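Here is a short report on one helix and on the aromatic contacts of a protein chain. Please look at the model first.

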Amino acid sequence: MNLNILNTTWLMIRYNLKIIFGNKFFYFLLAAVLIFLIIVVINLSTGGSFEIEDAYSVLTLSGALVLFYPLTFGIQSDKDARTLEIIFGIPDYRYRVWFMRNLLIYGIVFLVITGLALLLKASLLNFEILPLAFQVLFPLLFLGMLAFFISTLTKSGNATAVIIILIGLVFLMFGDAINLGYWNIFLNPFDVPSRGSITAFNSLVFKNRIFLTAGAVIFLLGGLMQLQQREKFLG
C-alpha cells in the first residue's frame, strides 16, 4: 500500500513538473535571471550603492517573474491540453494535483531565489541568505495565490495576467500613500525608515507578514473551492 502511494506521488510530481516547465515557463525564468544580472552588472560597473533592501527588491521581482507563468496560465494550459478532463474525472484528484503543483512551484522559486542570493553575496553584498529568501517568499505567496485564485475565476491566463498587472500598478501608483501600511504587498522589511521607532517598524512588518500569509491561505482555499465547479471548467 505504501509503495502504491509513493508511486502515485512520484507520478504526480513528474506530471506537474512537466506542466510547470512546459510551454513558456523557460522564458519567464530566463527573463528573471537576465533582469537580475543586468542590475548586478550595472551596480558593479558604476560602483553604486547596493544594500540589503535593494537585494530584497531585486529578488522579489525575479521571483515574481518565475511565478508568473505557471500560476497565471496553469488552468488555461490544462484546459487547452484537455488534461482538465482527466483531473476532474477522478474525485478530489484536482485538489491534490493543484496543491502538489503549488508546492512544486514555490519549491522551484525558493531554489531560484536562493541561487540568485548566493550570486549577490558573492558579487555585491554580504548578508544572511536564508532570512532574506524567507522574507521574499511572503509577497510571492500572496501574489501567487491571488493569481491562482483569479485564474480559477477567469479560466484565462491572459485575463488573469491583465488583472494581476493592474493590481500591481495600483499598488505602485499609490505606493507613497500606503508605504508604511501593513496592507502594502510590497512593504520592504529591510528598508527601515530613518525616522521613527525601529520597534514600531518591526511590529508593522510582523503584522504585514500575517496579512500576506492570511491572504495567501484565503486565496488558495478560494481557488480550490472554485475547482469544485466541474461544469464551469469543462463546459
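The model is predicted: local features need pLDDT of at least 70, side-chain atom pairs count only at pLDDT 80 or more, and totals for chains, interfaces and linings use all residues. Residues are numbered from 1 along each chain as its sequence is written, and side-chain values use heavy atoms, without hydrogens and water.

**Helix H2**

Helix H2 spans residues 25-46. Helices here are DSSP runs of H or I with at least four residues, numbered from the N terminus. H2 reaches 32 Å from first to last C-alpha, close to the 32 Å expected at 1.5 Å a residue. Its buried residues (under 20% relative accessible area, 1.4 Å probe, protein chains only) are Phe25, Ala32, Phe36, Val40 and Asn43. Seen down the axis of H2, they fall within an arc of 65 degrees, so they line one face. Tyr27, Ser45 and Thr46, on the other side, are exposed (over 50%). Gly47 follows H2 with a positive phi, near 70 degrees.

**Aromatic pairs**

The structure holds 10 aromatic pairs. Rings of Phe, Tyr and Trp (its six-membered ring) pair if their centres lie within 6.5 Å; planes under 30 degrees apart count as stacked, over 60 as edge-to-face and the rest as tilted. Two of the pairs are tabulated here.

| Pair | Centre to centre | Between planes | Class |
|---|---|---|---|
| Phe28 and Phe68 | 5.5 Å | 35 degrees | tilted |
| Tyr56 and Phe190 | 5.9 Å | 55 degrees | tilted |

Phe28 in helix H2 and Phe68 in helix H3 are 40 residues apart. Tyr56 in helix H3 and Phe190 in the loop between H9 and H10 are 134 residues apart. Tyr56 is buried at 3% relative accessibility.

Key
Helices (H or I, at least four residues) and strands (E, at least two) are DSSP runs, numbered from the N terminus. The expected span of a helix is 1.5 Å times one less than its number of residues. The arc is that of the directions from the helix axis to the C-beta atoms.
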